[in-house]
Amino acid sequence: MNSSMLSFRFRDPKVFSDVLNKARLSLLIFTLSSCGGGTQVAGGVGTGGTGVVAGTVTGFGSLVMDGIAYNSATPRYTAESTTQPSIPVTAMKVPLGGQLNIQTDTQGNPTSVWINPALVGVVTSVNPTAGTLIVNGMEVVVNSAASSLPNTFFIGYAGMGAIQLNDRVQVQGVPGITSSGTPFVQATLIKLMPSNLPITRVSGPLAQWNPSQSTFTVNGIPFSFNTGTRFSSPFSNQTLGVGALKNGQWVNIWSQTPSGTTPLVAGALQVSTVLPGMSGNITLSGLVSAVQGNQFQVDGILVNGANQGGGLAAGQYVTLKGVIDSTTGEVSVRTLSPYIQTPATLSGTISEFISTGNFVIRGTPVITNSGTVLTSVNGATAPLSALQKNIYVAVQGTIQGNMVLASSITVYPSPPADEVVDYLGKVSQYNPSQGTFTLTPFSGSPQQVTLSAVASFSNGTVANLVNGALVELEATAVSPQALSAYGVSFWNITNPNLSSGTLEISGVVYNYVSGSSVFNLNGLSLVLGSGVSLPQGFGNGDNVDVLMTPSGSQYQVNAIAQDDSN
């Protein structure tokens, strides 16, 4: 295969065929046969040089970006925190609908993944009928119907109608420009955040740029910057000088200054534009804007589509693959595809099992109904009872607010070799010098675990990895009982009850009224059990881990702990 062509590889052909639609599958199979196949997920950004990827998470198994599978086990992951614009996190922090910036190596495998929100702030206007809201002066547009755009996924909300004025939210999405020239963000994810979150994130065109006074505005919001402000591009690991900025560039600012303060102090400013001096392959998804002949923009990046024959219109969501011109920063297109709505795809082990109608795969709640088709690997019809905790499945479905409604599920007898799995259990026989331990899940056989070279930790550090710790792992299945773990998340619940009747669930709290004992999590109603106290400062938007048992139409909370990372 010509090294200039784009390559796609995946770990297990059967899993891949289960989680991608037939139209894209036929194209990928052709590409694979041309390349000679392989057993490693590649990024599809070309060979012979490093590359970057920017787009929307549309599934997991490994990491699916706009229908293209990437290896989730090779990169290091970073995201914002309450104190830093970028800190190490685990792969489990990547949400469905999230916006990622990925750096890849010469084989197309991701080396770093940055979770990249557009906005964090208070909702100052909301119109459920129109599907719009305003956050930090920027209009946010929600999609729940149009097939030409990714559907908006919600975390901490049942859907658009649940968003209230003065809620603090995180919005992930892509920039767009209306026909009248007004900027907006097309939301791919909206997440409820704690009301006391001490950070603000603002995205939009840079205006009133005044480097001599260290001031500027975005969306009419005044900002200042200082020697501690970091200027960067998602397409380069290098820090930029202030001379690289100019009015009109789409920027993304992280600030520790609470919204409403004037001016906000920029802790970090990211310029979305590809700047001169950068080079390499690029895979980019987003809305088309500023169409002028063969030139147009996607996510604020200048693109030359001379080989595409025209026909593009502003507002189209597209995925393109191309090469960055190091002199101009312009992207020359090799291939360009308009968005075709495909099922959300989730493959992995069922990590949180409430019932056959409600369970979690790769951190994403999944529901079933009478129309869900279950099959085994050999194509035979499978019963609902085949769905159990820790069973490996491949799901296709549609986003329904804060859930994925499964249209089809393929059930595997055991995790395929080298595929991604997710297990929750207790640590024993930990050997720090070897980075090995035994994980005993709530149900199922003990797993022998080795920490991978890129292993990262959340809600704790490697120092918290001790015998007796309750942890959730994201790992690759080396064999049926041997794992290579690249993500470890601590559940800080003391003396957890791991009896067969105990259910576990994690997610974002919503529908909680201060002083009450009832709240919602992943579409379920939870009530505090006798003697169980809520964590200090508990409120809507908090990430929590819960152990519970069924109690009538509700679930009784037996233990609860906050997850300190949002």
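User: What makes the strands β33, β34, β35, β37 and β36 a barrel?

Analyst: The five strands close into a barrel in the order β33-β34-β35-β37-β36, with mixed pairing. From one strand to the next, the twist averages 55°. Such angles run from 0 to 180 degrees between N-to-C directions, with axes as lines fitted to C-alpha atoms. This is a predicted model: local features need pLDDT of at least 70, side-chain atom pairs count only at pLDDT 80 or more, and totals for chains, interfaces and linings use all residues. Residues are numbered from 1 along each chain as its sequence is written, and side-chain values use heavy atoms, with hydrogens and water left out.

User: How do you know that β33 and β36 pair?

Analyst: Two strands pair if DSSP finds at least two bridges between them. Strand β33 (residues 420-431) and strand β36 (residues 470-479) have seven bridges, in the antiparallel sense. They therefore count as paired. Tyr423 stands opposite Leu473 in β36.

User: How many helices and strands does the chain have?

Analyst: The chain has two helices and 42 strands. Both are DSSP runs, numbered from the N terminus: helices are H or I with at least four residues, strands are E with at least two.

User: Why is Gln270 called buried?

Analyst: Buried means under 20% relative accessible area, exposed means over 50%, and partly exposed is in between (1.4 Å probe, protein chains only). Gln270 has 4% relative accessibility, so it counts as buried. Gln270 is found in strand β21 (residues 268-271). Leaving aside neighbours within four places in sequence, its contacts (heavy atoms within 4.5 Å) include Asn101, Trp114, Ser232 and Trp250. Across the chain, 58% of the 566 residues count as buried.

User: Why is the pair of Trp209 and Phe231 called edge-to-face?

Analyst: Rings of Phe, Tyr and Trp (its six-membered ring) pair if their centres lie within 6.5 Å; planes under 30 degrees apart count as stacked, over 60 as edge-to-face and the rest as tilted. A search of the whole structure finds 13 aromatic pairs. For Trp209 and Phe231, the centres are 6.4 Å apart and the planes are at 75°, so the pair is edge-to-face. The pair links distant parts of the chain, with Trp209 in strand β14 (residues 200-210) and Phe231 in strand β17 (residues 230-233). Trp209 is buried at 14%, and Phe231 is buried at 5%.

User: What makes Tyr430 and Phe437 an edge-to-face pair?

Analyst: Their ring centres are 6.3 Å apart and their planes are at 70°, so this pair is edge-to-face. Tyr430 and Phe437 are buried.

User: What makes a set of residues a nonpolar core?

Analyst: A nonpolar core is a set of buried Ala, Val, Leu, Ile, Met, Phe, Trp, Tyr and Cys residues joined through side-chain atoms within 4.5 Å. The largest has 43 residues, and Leu63, Leu100, Leu387 and Ile409 touch the most other members. A second, separate core of 36 residues includes Leu240 and Leu269.
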